[in-house]
Amino acid sequence: MGDVLAGIHATWEFDSDSVLIRFERGIRTPKLLSALGERRIPHEALADVTLTPGKRGTVVLHAVPRPGADPLMEAAAGQLKESCDPYRLVLPAEREVLAEYYADELRGRVRGAVAAEPVERFLVAPPQGPLQFKAYDGKASFDGTQVAFRWFWTGASSAKWKVGDQNFPVASLSGVEWRSPDVFDGHLRLLRRDAAPQDGGPGQADQDPAAVVFGLGYGPVHESLPFAAAVLAAVRSTVPAVDAGRERVAVDAGVGTGRPEPADIAERIRHLGDLHRAGLVTDEEFSAKKAELLAEL
């Protein structure tokens, strides 16, 4: 398409294989959108495109992401306010005909029923690090390889002071739980692979050294949600797995019944290369595993 559609707080640029969304940085733009800056959404990451009436003489063009395609939306888990949804473009009602044209064009590039199916890897790039924010009981930072919690003496519980500051390598994590600071018990909790099962769940976040709690002015959405999305993406790329009903696939996985498809081997080699470039796989491990995968062809 190659065209540009400017709306309120955002502009969509339509390319042959993706939509580039640029967000304004004005004082009226929701802080989350300003913090995101811009995002490129591949067509394969979309399930549908809708156009509906908005408020006060507007229409809303909404691109619906596929389940599992975007780490930001996965981390948000449906908790974002409508005004902060990065997939909504609000336009004056007089531009409805033009918006309908672009909606139809974009729908034509979505692959029908397949587009509604969950994906096994993220298709939208996560927010870039390093990232950090202040919670009520500590400072959280993420450098791409590990998450660090540094407790504040004014807010941290005695349980957290007892265990001290915490460092969590990405490889030790299985996921992230983000609960919006707009609710009473807002928090960011790191889900650990080696955590022992507990009756009744993981316990309260203010007592959990793998969690930081939010409060008024602490852990705001535009800081804590991109942080959670970046950590979640790093976890999934370190061990390419998807929980909650989707098959867990380790770096060395792929041994099954029958001969592997060449496309599957190529995808595994590509992912192995990503891990190698990220420094998570050594030169020797990369060469040995690549040779092993090529031998399966």
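## Briefing: sheets, salt bridges and confidence in a predicted model

Four strands, in the order β8-β9-β10-β11, form an open sheet with antiparallel pairing. Strands here are DSSP runs of E with at least two residues, helices are runs of H or I with at least four residues, and both are numbered from the N terminus. Two strands count as paired if DSSP finds at least two bridges between them. This is a predicted model, in which local features need pLDDT of at least 70 and side-chain atom pairs count only at pLDDT 80 or more, while totals for chains, interfaces and linings use all residues. Residues are numbered from 1 along each chain as its sequence is written, and side-chain values use heavy atoms, with hydrogens and water left out.

- Axes are lines fitted to C-alpha atoms, for helices over the stretch in contact, and angles run from 0 to 180 degrees between N-to-C directions.
- Strand β10 (residues 146-151) and β11 run antiparallel and are joined by four bridges. Within this pair, Gln 146 stands opposite Pro 169 in β11.
- Helix α5 (residues 221-238) packs on the sheet and touches β8, β9 (138-142) and β10. The direction of helix α5 makes about 140° with that of β8. Contact means heavy atoms within 4.5 Å.
- In general, strands of a sheet pair through backbone hydrogen bonds, either parallel or antiparallel.

**Strands β12, β13 and β14**

- Strand β12 (residues 173-179) is joined to β13 by six bridges, and the two run antiparallel. Val 176 stands opposite Leu 190 in β13.
- Three bridges join β13 to β14, again in an antiparallel arrangement. Here His 187 stands opposite Val 213 in β14.
- His 187 lies in strand β13 and is buried, with a relative accessible area of 6%. Buried means under 20% relative accessible area, exposed means over 50%, and partly exposed lies in between (1.4 Å probe, protein chains only).
- Leaving out residues up to four places away in sequence, His 187 touches Glu 177, Trp 178, Arg 179, Ala 205, Val 212, Val 213 and Phe 214.
- The C-alpha atoms of His 187 and Asp 206 are separated by 8.6 Å, and these residues are 19 residues apart along the chain.

**Salt bridges**

- The whole structure contains 12 salt bridges. A salt bridge is a side-chain nitrogen of Lys or Arg within 4 Å of a carboxyl oxygen of Asp or Glu.
- One of them joins the side chains of Asp 15 and Arg 40 (2.7 Å, N to O). Asp 15 lies in the loop between β2 (10-14) and β3 (18-23) and Arg 40 in strand β4 (residues 38-42), so the pair ties together parts that are 25 residues apart in sequence. Asp 15 counts as buried at 18% relative accessibility, whereas Arg 40, at 41%, counts as partly exposed.
- Asp 208 and Arg 189 also meet through their side chains in a salt bridge (2.7 Å, N to O). Asp 208 is in the loop between β13 (187-192) and β14, and Arg 189 is in strand β13, so this pair ties together parts that are 19 residues apart in sequence. Both residues, Asp 208 and Arg 189, are buried.
- A network of salt bridges links Glu 177, Arg 189, Arg 192 and Asp 208.
- Asp 185 forms a salt bridge with Arg 179, with the closest N and O atoms 2.5 Å apart. Asp 185 is partly exposed at 38%, and Arg 179 is partly exposed at 34%.

**Confidence and the whole chain**

- The pLDDT of the protein chain averages 85, and 81% of the residues score at least 70. This score is the predictor's confidence in each residue, from 0 to 100.
- Among the elements of the chain, helix α6 (residues 262-277) has the lowest mean pLDDT (66), and strand β14 (residues 211-213) has the highest (98).
- Over residues 241-258 the pLDDT is below 50, and this stretch has 26 contacts in the model beyond near neighbours in sequence.
- The protein chain has seven helices and 14 strands. Of its 297 residues, 43% count as buried.
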